[in-house]
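Student: I'd like to go through this one with you, a question at a time. Can we start with how the chains meet?

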Number of protein chains: 4
Amino acid sequence: MQRLNWGLIGGGEGSQIGPAHRLGALADGHFALAAAALDADPARGRDYGARLGIAPGRAYGDWREMLAGERGRDDRPELVTVATPNSTHFEITKAFLEAGFHVLCEKPMTMTVEEGEEIVRIAQAMERICAVNYCYSAYPMVREMRHMVASGTLGRLRLIVASFSHGHHGDAAQADNPRVRWRYDPAMAGISGQFADCGIHALHMASFIAGDEVERLSADFASTIASRALEDDAMVNFRLSNGTVGRLWTSSVAIGRQHGFDIQVFGETGGMRWASEQPGQVMYTPLGGRTQIIEKGEAGLSEDATRLSRVAIAHPEGFPMAVANIYVDLAAAIRGERTGALPLAGDGLRSMAAVHAAVASAGQQGAWVDARPPMFR
Amino acid sequence: MQRLNWGLIGGGEGSQIGPAHRLGALADGHFALAAAALDADPARGRDYGARLGIAPGRAYGDWREMLAGERGRDDRPELVTVATPNSTHFEITKAFLEAGFHVLCEKPMTMTVEEGEEIVRIAQAMERICAVNYCYSAYPMVREMRHMVASGTLGRLRLIVASFSHGHHGDAAQADNPRVRWRYDPAMAGISGQFADCGIHALHMASFIAGDEVERLSADFASTIASRALEDDAMVNFRLSNGTVGRLWTSSVAIGRQHGFDIQVFGETGGMRWASEQPGQVMYTPLGGRTQIIEKGEAGLSEDATRLSRVAIAHPEGFPMAVANIYVDLAAAIRGERTGALPLAGDGLRSMAAVHAAVASAGQQGAWVDARPPMFR
Amino acid sequence: MQRLNWGLIGGGEGSQIGPAHRLGALADGHFALAAAALDADPARGRDYGARLGIAPGRAYGDWREMLAGERGRDDRPELVTVATPNSTHFEITKAFLEAGFHVLCEKPMTMTVEEGEEIVRIAQAMERICAVNYCYSAYPMVREMRHMVASGTLGRLRLIVASFSHGHHGDAAQADNPRVRWRYDPAMAGISGQFADCGIHALHMASFIAGDEVERLSADFASTIASRALEDDAMVNFRLSNGTVGRLWTSSVAIGRQHGFDIQVFGETGGMRWASEQPGQVMYTPLGGRTQIIEKGEAGLSEDATRLSRVAIAHPEGFPMAVANIYVDLAAAIRGERTGALPLAGDGLRSMAAVHAAVASAGQQGAWVDARPPMFR
Amino acid sequence: MQRLNWGLIGGGEGSQIGPAHRLGALADGHFALAAAALDADPARGRDYGARLGIAPGRAYGDWREMLAGERGRDDRPELVTVATPNSTHFEITKAFLEAGFHVLCEKPMTMTVEEGEEIVRIAQAMERICAVNYCYSAYPMVREMRHMVASGTLGRLRLIVASFSHGHHGDAAQADNPRVRWRYDPAMAGISGQFADCGIHALHMASFIAGDEVERLSADFASTIASRALEDDAMVNFRLSNGTVGRLWTSSVAIGRQHGFDIQVFGETGGMRWASEQPGQVMYTPLGGRTQIIEKGEAGLSEDATRLSRVAIAHPEGFPMAVANIYVDLAAAIRGERTGALPLAGDGLRSMAAVHAAVASAGQQGAWVDARPPMFR
């Protein structure tokens, strides 16, 4: 199994996202870091790249330089990861896709629905993979839940209740801390704060597990800290295409909640629950029966859940392995092997459409609005 | 400490609510069962009353007979509990209040807002206690949470997130079971199903802990089992008078949830969580600090929480003791002693107004409506 | 259903045990408090009895006076509860049994094995019930576990692992507090501290669930606070008659554990776990299958578990209801009705033999010793 | 930061341990796989090495060939991992240490105490690191617990209660499955079954957190499945050098326990608990205070816990990252940088002495025996 060449844009020294991607890409030996443009400061980026063992000349000062330097090489990266500030995702992703690279883009894929549609069209036209890093979907037990729904274990889905809440932005005295403030500043974060930052992961997961798409939604946004122009708490009611009812709460002022990303899925013949702080277990209750604990690594799970689990039953596998699983699936997809359900550009587009829909609804006292991008209506 | 005479209406043989009230009233020795009208079948009611040790002549065939027989006695009940079918609560409660009895009424206190306002006026005019059995509010740790908010531990409240969800009505094949069906039949249940049945407990608790009132709300109702005329799942967003944001989910089709009545309260300087399935603990997180487990029975709790706890720290005290605590507080109130925050007719009225508001909102695509009864606007 | 007359000895004003017994006896309406000798101070006891509503002349100054006054009455108590200091249990229990009363004795039933054997013989000879208040055995789900073992759900039992640990005596600076000190003072507590106080509940439960008896044991005792003459931490390995391996840890210096009474039972075809802080659930795992949560109140439980559960599934029922269940079973036994597995004098005797055996073993470096009372060898 | 060359012995295709070590060594970019002898079958090993990207000629047929081929190279591995069958650990580790390599050896380091002492002496004489893969000790929160003890947060330790129990060998019908049987066959597993396999991890952790050594112990072993020559369940009481009481239960027939490796530590001024299935949290209770949840990644943790945590608070980091942390510390140690408390040959030796002591004690009815290796007495 030959390692695939990999390129990284962003994720410079001191960032949290850079190590997460390097660990994810390198952990299983599928990728080798061949080229990078790591930092907004060209010299710092080149220096850090060298220290990471990138060959001289392939640690670039910026992404345009990297694109120019790599596009013609025989050993050019087969996958490029875009982990730069949000507002730059669109142009970088677009450029690399158009040059024929496969891309893994951090979320949000774009800032507008129109840009999202453009990325979808380019990826289709170029026949390239454009994945978006909704990495929670690569936890083995999330894949198992998707499999359970697809195979009919829960019957027709009636209801999905999701939340992604934490309290790490709950200190009003810290609201001006630059690491917090930008999230609520339209100039930097765009049109949505907490919903775009965290809630969208929960909305993606609802769709992912259901194997269905959000059709319409109604949102109630609140800025519980008065200085914030964008919401720090949101409730979104939604409906999937097949009529499944959805409810999604997200908050950054839920003091005491650390990483409260949880989902409950209820169907005609059963229900199940999962919490990201204990990702190796699903609580499953068949209609009329007892709640059962499904454990990562137990015998008889789906092929996807089994393939993405590395260590024996009940040994925890955490967030870094979920990111690594995205790379496992990317390597398989690039090699043309069987893969699981990678989040792709269509998902990035739908997410952006949902963010815009939620903002519109919240601005109209919770009116129900269409949550689909025009191209998917 | 002389035992107080107590009368019970409804709660006949085979009901679940009768034993709960008898246990609650008798457990601490504050009350003695002196008179009763236990059953819709007069003969059955008299017979059962006799077997419960009620003196001959004071086990009545119906509530009117009981009112006639007891109102003139010197040893008449000082408290009458109304535990009959919902649609009869109003007339019985009204009649006994007007005759000068203190009353504990099961929820819902009435079926309409107008009736609720009438009960409030009568109780005021007669200077009688009219309590409503929102018994969850009498758990010691719920009282502690109310105390924490009142004493400023959490600062100004920003957000309350409550749920009361179970899956016991999730079987479509059982939807015609009479024990389930009436809940969703407007002829028997009134205008609301799951929200009026369970959700209202959570809404009362949000107000109770906050020490504030629901001002307006927006509701999304769903009947996930098609044959149901009333909702079996609901989401209600609300605002308290002081601006606190509220979110409330209730469901009877959440298969796998047994008794999912939980509440989270978030303020400027801290957050806390409580779950009715583990009622002796509150998870409390001060801003910037670690989550702490507050245990029922620990030293230093509020006078109210301490008074209503019977056994040593971490020995569980369950639902029957919460009901008993309502009676403990009623006995204290009747004796003119210090009491805690009993749920009274005003709470029953506000609940009825909120049910009507939620139904109205749900019928208007979630429009925001005033949730207050006219007399409290 | 006529209420049974009941007598209470001990449990005076300010004690914790008195209210627990009154609540337990009165909650379900099976008993009426007819006579009592409540306090070591005769005047205080008579006064308190009067305030509890006992008829004049039946609130006695001490137990001998009560025995003399009640033994000849037609309406004498059918059950007498002994809730006095430990060292007096034997003589009071003996006297009332010999006078033909049924007795519920607080644990320990006696201070010596010889006394225990005498009580067993008297109860047999008099054909009276002598129950011992191992009240944890009356939790519905403990009865369910016993039923599961008896009906073969777990196959032959291999292993039982129990603990009863708390940290409430962990403060060396409080070791001289009289409420703590007596537990570790041989003059007041007898030959054992924490094992006799708490550990013995866990040992009884192991036998109770297994439906088997402790045959031999090996103990390791420690006094982790140097001033203590008796152990505050103990580990006891044991074997049941059929060869089941047992392991029991008990501690009063486990700071942070509140009421850590837990049991795990493992057999050839399954395992299960229960924790007293969440008494309404049993975690059960069939061999080769998933862990299931068995809920108090679910359909299909054993007759005993169903009978002793008062409120609907997942509504918690706490420690006071476990005590009440002992009285429910006593009422049934006195009336000659079907009853569950009440802990009786034989259990009190076996417990005392096990305490003596553990002390002997601990004094011999953990040598294995016979744990059975001579009369049961 | 230059990557260090790394060699791997054992861990061939299809093994679980090979991927765990490769992921651990490669995840953070500290090591590059330079040489290997992966399989008992030389051809398979060479082939697999080539597929893993090892340079031609450095994928060897066996460890002796690898030692001969690598010892003289300038770019020879700076660290060699030994992940072969248990009985070969001693000779391979010895040979590579004597050739001046740093070694990470899987547990058990040796099969006898004498071999263990020899390894300790060689590592000292050669001034090489000989680490043993007690990888649970590299969880950030385990490091935090060690730090808390060392810095006096709990005061003098009184008591440690550890367990490592699972039920994966609980099926008697599977006892002849080769993957299970060898664990209980003295010819393959040596003198101990479950205690040497799992219990020893718990014993090491007790010492590791306490910063103290096991001095003496008493063991009770059981083979609950009759065909087993070695124990599948064991209880070990022990004492640390400073008098701390220890209790350790380990089982492989605890059906329903998945990965029940838990530890509780109690001192004069506090207690704490940790469970390997939720490794990112420590429950800590200061004397007289409330239980607090310490979260991986929270502000203010020790330098060691902070350094070994990769992702933000409450994002789980699982078992693979604990193994990776061993490699992080090894890289730091090899580079002469600050490191944490790596488990070293002395720990491997003490573990082997404890296994031999436990077997001896269990054979003498639980007699207390010295648990220290002769060279450390």
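Predicted model: local features only at pLDDT ≥ 70, side-chain atom pairs only at ≥ 80, totals over all residues.

Student: How much area is buried between chain A and chain C?

Tutor: The size of an interface is often given as the accessible area lost when the parts come together. Here, carbon and sulfur atoms give 49% of the buried area, and the total between chain A and chain C is about 740 Å².

Student: Which residue of chain C forms a salt bridge with A:Arg290?

Tutor: Chain A and chain C have 2 salt bridges between them. In the one made by A:Arg290, the closest N and O atoms are 2.7 Å apart, and the partner is C:Glu298.

Student: And how many salt bridges are there across the interface of chain D and chain C?

Tutor: In this interface, 41 residues of chain D are in contact with 41 residues of chain C, and the two chains bury about 3,100 Å². One of the salt bridges pairs D:Asp233 with C:Arg247. The count for chain D and chain C is 6.

Student: Now inside chain B: is H1(B) parallel, perpendicular or oblique to H11(B)?

Tutor: H1 (residues 17-26) and H11 (residues 319-334) of chain B have axes 7 Å apart and pack at an angle of about 60°. Because of that angle, H1(B) counts as oblique.

Student: How many nonpolar residues are in the contact of H1(B) with H11(B)?

Tutor: Residues such as B:Leu23 in H1(B) and B:Val323 in H11(B) take part. The contact has no charged residues and 2 polar ones, and the nonpolar count is 8.

Technical notes: Residues numbered from 1 in each chain as written. Chains lettered and ligands numbered in written order. Heavy atoms only, no water. Axes fitted to C-alpha atoms, helices over the stretch in contact; angles between N-to-C directions. Helix = DSSP H or I, 4+ residues; strand = E, 2+ residues; numbered from the N terminus. Parallel < 35°, antiparallel > 145°, perpendicular 65-115°, else oblique. Contact = heavy atoms within 4.5 Å. Nonpolar A, V, L, I, M, F, W, Y, C, P; charged D, E, K, R; others polar. Buried area = accessible area lost by both parts, 1.4 Å probe. Salt bridge = Lys/Arg side-chain N within 4 Å of Asp/Glu carboxyl O.
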